Amino acid sequence: MVEIFHALADGTRRAILDELAERDEQTLFEICTRLAMKHGLNSTRQAISQHLDVLEKAGLVHAEKRGRYKFHTLDTTPLAQIAQRWPPKETP
Amino acid sequence: MKITAMTIFVDDQQKALDFYTNVLGFVPIANVPLGEHSWITVASPEAPDATQISLEPKDHPAVTPFTDALVGDGIPWTSFGVDDVQTEYERLVERGVVFTQPPTNAGPVTIAVFDDTVGNLIQIAGMNA
């Protein structure tokens, strides 16, 4: 669970999740393009790659090699742990 | 000094010539046998006297690891200009071209990225109206 909070604590990583929520199966190139154009983030490709590693470790992003290219996909399943640990109070 | 030719490294020169002419629609310019390989160039039918693309064999061992790494991360080798990316995307998809990135709005331009079947990704870009 620590990995999830660590992953979500960074604005660039949250922006990556926003973009993957809009369209799955993006290459590193597409993610970098979207971050630069839509979020004004001019991080290096290497920095974005490292952010993706953190998101992958937290299970929030899956990288899948298909043919010659690697695609990144969002997985929100780990976020359910947060609501399980602190469920919303039932209204009487 | 003029830019007469630019290089694209290809897995197979004949397959590349077929894709760049019959699928993309470029016109063949030079095809000169040079021992094992050939000097093969194509140009845009809209500007046949402008810059040619030389379809070069990947005969140096450093080339394939380099181009594979670019393709793996979805990075295009070069970019061609089109009037309308969406129209061109639809035309190429109909011809069986695989895109790693569908038309994406990138501010002043719309871009898309496809696989040239001979080891490279190519970007097409068009100005947004």
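A: In chain A of this predicted model, Leu28(A), Phe29(A), Ile31(A), Cys32(A) and Leu35(A) of α3(A) touch Arg45(A), Ile48(A), Ser49(A) and Leu52(A) of α4(A). Contact here means heavy atoms within 4.5 Å. Seven nonpolar residues, one polar and one charged make up the contact of α3(A) with α4(A). In this classification Ala, Val, Leu, Ile, Met, Phe, Trp, Tyr, Cys and Pro are nonpolar, Asp, Glu, Lys and Arg are charged, and the others, Gly among them, are polar. Helices (H or I, at least four residues) and strands (E, at least two) are DSSP runs, numbered from the N terminus.

Two packed helices are described by the angle between their axes and the distance between the axes. For α3(A) and α4(A) the angle is about 110° and the axes are 10 Å apart. Axes are lines fitted to C-alpha atoms, for helices over the stretch in contact, and angles run from 0 to 180 degrees between N-to-C directions. α3(A) and α4(A) are therefore roughly perpendicular to each other; angles under 35 degrees count as roughly parallel, over 145 as roughly antiparallel, 65 to 115 as roughly perpendicular and the rest as oblique.

Helix α2 of chain A, residues 11–22, has its axis within 10 Å of that of helix α4, residues 45–57, at a crossing angle of roughly 75°. That makes α2(A) roughly perpendicular to α4(A). From α2(A), Thr12(A), Arg13(A), Ile16(A) and Leu17(A) meet Ile48(A), His51(A), Leu52(A), Val54(A) and Leu55(A) of α4(A). The contact of α2(A) with α4(A) has six nonpolar, two polar and one charged residues.

The axis of α2(A) also comes within 10 Å of that of helix α3 of chain A, residues 28–39, and the two cross at roughly 105°. α2(A) and α3(A) are therefore roughly perpendicular to each other. On the α2(A) side the contact has Thr12(A), Ala15(A), Ile16(A), Glu19(A), Leu20(A) and Glu22(A), and on the α3(A) side Ile31(A), Arg34(A), Leu35(A), Lys38(A) and His39(A). By class, the contact of α2(A) with α3(A) has five nonpolar, two polar and four charged residues.

Side chains of opposite charge can pair when their charged atoms come close. Lys38(A) and Glu19(A) form a salt bridge, with N to O at 3.0 Å; the term stands for a side-chain nitrogen of Lys or Arg within 4 Å of a carboxyl oxygen of Asp or Glu. Lys38(A) lies in helix α3 of chain A and Glu19(A) in helix α2 of chain A, so the pair ties together parts that are 19 residues apart in sequence. Over all chains the structure holds 12 salt bridges.

Chain A as a whole has five helices and two strands, in the order α-α-α-α-β-β-α along the sequence. Its C-alpha trace spans about 50 × 30 × 25 Å along the principal axes.

Chain A also meets chain B, through 13 residues from chain A and 23 residues from chain B. The area buried between them is about 1,400 Å², with 60% given by carbon and sulfur atoms; buried area is the accessible area (1.4 Å probe) that two parts lose on being put together, summed over both. The rule finds two salt bridges across this interface. Asp68(B) pairs in a salt bridge with Arg68(A), their closest N and O atoms being 3.9 Å apart.

Residues are numbered from 1 along each chain as its sequence is written, and chains are lettered from A and ligands numbered from 1 in the order in which they are written. In this predicted model local features need pLDDT of at least 70, side-chain atom pairs count only at pLDDT 80 or more, and totals for chains, interfaces and linings use all residues, while side-chain values use heavy atoms, with hydrogens and water left out.
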